[in-house]
Each structure stands twice: as C-alpha cells, then as structure tokens.
Amino acid sequence: MTNSITMADFYQLTKQKKVEIIDVREDFEYQLGHIPHAKNLPLSRLGVDQLEGDVEKEFYLVCQSGARSENACTFLANQGYNVVNVLGGTAAWPGELSR
C-alpha cells in the first residue's frame with residue numbers, strides 16, 4: 001500500500017510550501033488543465049521517462065481521479081522513490097487549473 005493524502009490536505013500543503021507535483025495523465029489531458037506547477041509524466045511512459053531528482057525527494061502524484069496515480073505510486077515506490085498519491089486527483093482540486 002502506498003502513502004496517500006486527501007485533496008483537502010494536499011491543497012493546504014501547497015499553500016504552505018513548494019511541493020513536487022507529478023501529473024501522470026496523458027499529454028492531452030494535462031493540456032486541458034492541470035494543478036499549477038505540476039510536471040507531466042504520463043503513466044504510459046513510466047519506466048521510459050524517469051523522475052528527475054533523487055530518491056530522497058518527496059513527489060506527489062495526481063491523475064484525474066486518483067486511480068492511475070495509485071498505480072504510478074506503486075511502480076515508483078518499488079523503484080525506491082518517495083511518492084504520495086493525491087486522492088481525488090485533478091477533478092477534486094479546489095483551485096484554478098493552469099493551461
């Protein structure tokens with residue numbers, strides 16, 4: 001089981017400090033709107049494209065609802081990365097999305 005955080009708690013966290021956000025949706029979904037400062041690394045390319053940064057850094061993974069990011073968290077945690085799944089995904093983000 002991977003670590004997770006509710007969207008409400010995650011949103012508050014982003015107000016308090018800069019966090020590494022990885023959006024694992026496909027490129028076209030990301031372009032339609034994403035959480036500000038999120039980097040796009042589609043789940044379909046995990047294993048081909050790797051996370052930039054050391055394994056000590058904490059990464060928060062989001063998708064549209066939380067299912068794909070859960071899969072990505074499992075994969076990356078098995079690679080030694082410190083990852084947290086954001087429950088509810090982009091659909092639950094209370095702020096404005098970037099385009």
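Colleague: How many positive and how many negative side chains does the chain have, and how far apart do the centres of the two sets lie?

Modeller: In this count Lys and Arg are positive and Asp and Glu negative, while His and the chain ends are not counted, and the place of a charge is taken as NZ of Lys, CZ of Arg, CG of Asp or CD of Glu. Here there are 9 positive and 13 negative side chains, with the centres of the two sets 5 Å apart. Please keep in mind that this is a predicted model, in which local features need pLDDT of at least 70 and side-chain atom pairs count only at pLDDT 80 or more, whereas totals for chains, interfaces and linings use all residues. Residues are numbered from 1 along each chain as its sequence is written, and side-chain values use heavy atoms, with hydrogens and water left out.

Colleague: Which pattern does the chain follow along the sequence?

Modeller: Helices (H or I, at least four residues) and strands (E, at least two) are DSSP runs, numbered from the N terminus. This chain has three helices and five strands, and reading along the sequence gives the pattern β-α-β-α-β-β-α-β.

Colleague: Which residues have the most contacts inside the largest nonpolar core?

Modeller: In soluble globular proteins, nonpolar side chains tend to be buried together. A nonpolar core is a set of buried Ala, Val, Leu, Ile, Met, Phe, Trp, Tyr and Cys residues joined through side-chain atoms within 4.5 Å, where buried means under 20% relative accessible area, exposed over 50%, and partly exposed in between (1.4 Å probe, protein chains only). The largest core here has 15 residues, and those with the most contacts inside it are Ile5, Phe10, Ile21, Ile35, Tyr60 and Val86. At least two residues of this core come from each of α1 (7–16), β4 (58–62) and β5 (82–87), and α1 gives the most, with four residues.

Colleague: What does Ile35 touch, leaving out residues up to four places away in sequence?

Modeller: Contact means heavy atoms within 4.5 Å, and on that basis Ile35 touches Met7, Phe10, Ile21, Val62, Thr90, Trp93 and Leu97. A second, separate core of 13 residues includes Ile22, Leu41, Leu61 and Tyr81.

Colleague: Where is His37 found, and what is its phi?

Modeller: Most residues other than glycine have a negative phi. His37, however, has a phi near 75°, a positive value in a residue other than glycine, and His37 is found in the loop between α2 (27–32) and β3 (39–40). With 72% relative accessibility, His37 counts as exposed.
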